[in-house]
Amino acid sequence: PIVLTETTMAIIQVSVTAPQQQSEGMNKFTSYKVNTTVLSPHSNYPFQSASVIRRYSDFVWLTQQLTMGYPGAIVPPLPEKQAVSRFSPEFVESRRRSLSKFLSRVSSHSELVESSSLASFLSADDVAFTVRKSQPQAGEVKSSTSVMKWFNETKTSLSKDLIKTEDDEKFKEIQNYVETLENQMKTVVKHTQSLVKKGKETATGLFEFGLAFTLLGQSEASSLGSALTLVGHTADSLSVLSAEQAEMENEKFENPMIDYIRIIGSVKEALGERKKKLVSYSTSVQELSARKSTLEKAQSGGQPEKVAQAEESVGRAEGRMKEEERIFNETNERCLREVERFKSEKAADMKKTVLDYINLQIEFNKRMEETWTKLVPKLEGVSVEGVG
C-alpha cells in the first residue's frame, strides 16, 4: 500500500483489531480494539503497551485534533463513511484495515506522533477519554463576542485581499501540481476499475465456456467426449484463476490508487489550512490598522479617556497580530516541508505499486499458460479414429 513514511525512529507501533457490533440505545455502531506498543521511551507514552476500545467517531475526533493542532500537516485520510451495508463482515474488515493504516501513518509522522490528543486516543480509559473529548479543541482561542463577530466579518471581506508573501508563487505552483495529479490519478482509477471489471467478466465467461464444453463432452460417449470434458474442466480452473487475479488487481492496484487520491485530498486540506492562517493573519493586520485609526481620532479629539481605551485596544490588536503572524509562519513552513516530503515519496510509492501490478500480471499469465499447456498433451493423446 502507498504510505507516507518518516525517516525518524519509530516511537510507537499501533494496530486495530477485534471489530465488534455495539448498541447505544437505538443506535448501533462498530467498535474496534486499538493496540499500542511503545518502541522508544517518550513522555507522552509512559507505558509499554495499551489497548483501548474506540469507534469511528473517535477517529474523526482525532483527525480534527491533529488538523487543528498541526495546521499545514498532511493528516492521513480516514476511510469514508458508508450508510449502506456498514455492518457487513466485508465492510467491517475493510474499515478495520483502513483504520489500522491510518494510525500507522499517524504514528510514523514525526510531528503528529507528539500530539497529546493521539496519546489520549491510544491510552486513556473511557472516562478520561470522554473528558478529553469535551475539552476545547486544539487551537481554539476564546475572544469576546464583538471581536469575533468583527473578525469573522472582516475575514469574509478580506479573502481576496491577502498579505503577499515570498512563498505565494511557490504555493500557486504546488496547487496546480496537486490538482493536475489528482485529475490524472482519477483517470488511472477509472481505467483500472474498468480493467478489474473486465477481469471479473472474463472469469464469468470462462466458467460458462467451461460448463458448455463439459456438457458437450458428456453428450459424447467416445474419447472425444473425454477430450471435450477436459477442455471444460480446464476452462473452469481458468475461471477461478481469473477471478483470483481480478481480486488481487483490486487489492494490489485499484485500492492503492483510490487510497492515493484520498492522500491527495489530505494534501489539499493542508494547503487549505495554510490559506486559512493567511486569511487570519491578514485580518489581524487590518484589525490593527483600524484600531490605530481609532486611536488617532481619539488623540486629535483631546479625550483622554477615549485615548486610553483606544491605546488598550491597539495593544490587544498588536498581540493578536503577532500571534497570528507566528501561527501563519509556522503553518507555512510546515506545509512546505510536508509537500516536499509528499513529492519525494510519491515516486517511490508509485514505482512499488506499478511494479507490484506488473509482477501480478506476470505471475497470473504464467499460471494460465501452464494450465493451458498441461492440456495440450492430453488432447494430442486422444484418438479420434472412428469417431462419428
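**Briefing: a predicted model of 388 residues**

A18 has a relative accessible area of 39% and is therefore partly exposed, a class that runs between buried (under 20% relative accessible area) and exposed (over 50%), with a 1.4 Å probe and protein chains only. The model is predicted, so local features need pLDDT of at least 70 and side-chain atom pairs count only at pLDDT 80 or more, while totals for chains, interfaces and linings use all residues. Residues are numbered from 1 along each chain as its sequence is written, and side-chain values use heavy atoms, with hydrogens and water left out.

**Overall fold and dimensions**

- The protein contains 8 helices and 3 strands; these are DSSP runs numbered from the N terminus, with helices being H or I of at least four residues and strands being E of at least two.
- In sequence order the pattern is β-β-β-α-α-α-α-α-α-α-α.
- The radius of gyration of the protein is 30 Å, whereas a compact globule of 388 residues would have one near 21 Å. The radius is taken over C-alpha atoms, and the globule rule is 2.2 Å times the number of residues to the power 0.38.
- The C-alpha trace spans about 125 × 45 × 45 Å along its principal axes.
- Of the contacts between residues at least 6 apart in sequence, 76% join residues at least 24 apart; contact means heavy atoms within 4.5 Å.

**Surface and charge**

- Buried residues account for 40% of the 388 residues.
- The accessible surface is about 22100 Å², and carbon and sulfur atoms hold 53% of it. Accessible areas come from the Shrake-Rupley method with a 1.4 Å probe, and for residues only the protein chains shown count as cover.
- There are 51 positive and 53 negative charges, and their mean positions are 4 Å apart. Lys and Arg count as positive and Asp and Glu as negative, without His and the chain ends; each charge is placed at NZ of Lys, CZ of Arg, CG of Asp or CD of Glu.

**Nonpolar cores**

- The largest nonpolar core has 33 residues, of which I12, V34, Y45, F59, L103 and F121 touch the most other members. Such a core is a set of buried Ala, Val, Leu, Ile, Met, Phe, Trp, Tyr and Cys residues joined through side-chain atoms within 4.5 Å.
- At least two residues of this core come from each of β1 (12-24), β2 (27-38), β3 (49-55), α1 (56-69), α2 and α3 (116-123).
- Another core, of 21 residues, lies apart from it and has M185, F253, Y260 and I263 among its members.
- L103 is in contact with V14, V16, V34, F59, L62 and F121, leaving aside its neighbours within four places in sequence.
- In soluble globular proteins, nonpolar side chains tend to be buried together.

**Strand residues**

- A18 lies in strand β1 and has a positive phi of about 45° without being a glycine. Most residues other than glycine have a negative phi.
- S49 belongs to strand β3 and counts as exposed because its relative accessibility is 53%.
- With residues up to four places away in sequence not counted, S49 touches T36 and T37.

**Helix α2**

- R96 sits in helix α2 (residues 89-107) and counts as buried because its relative accessibility is 18%.
- Beyond its neighbours within four places in sequence, R96 is in contact with V16, T17, P19 and Y32.
- R105 is also found in helix α2; its relative accessible area is 4%, so R105 is buried.
- The C-alpha atoms of R105 and E324 are separated by 29 Å, and the two residues are 219 residues apart along the chain.

- D259 is part of helix α7 (residues 223-301) and is buried because its relative accessibility is 5%.
- D259 and P79 are 180 residues apart in sequence, and their C-alpha atoms are 8.8 Å apart in space.
- V376 belongs to helix α8 (residues 304-380); its relative accessible area is 41%, so V376 is partly exposed.
- From V376 to K190, 186 residues apart along the chain, the C-alpha separation is 38 Å.
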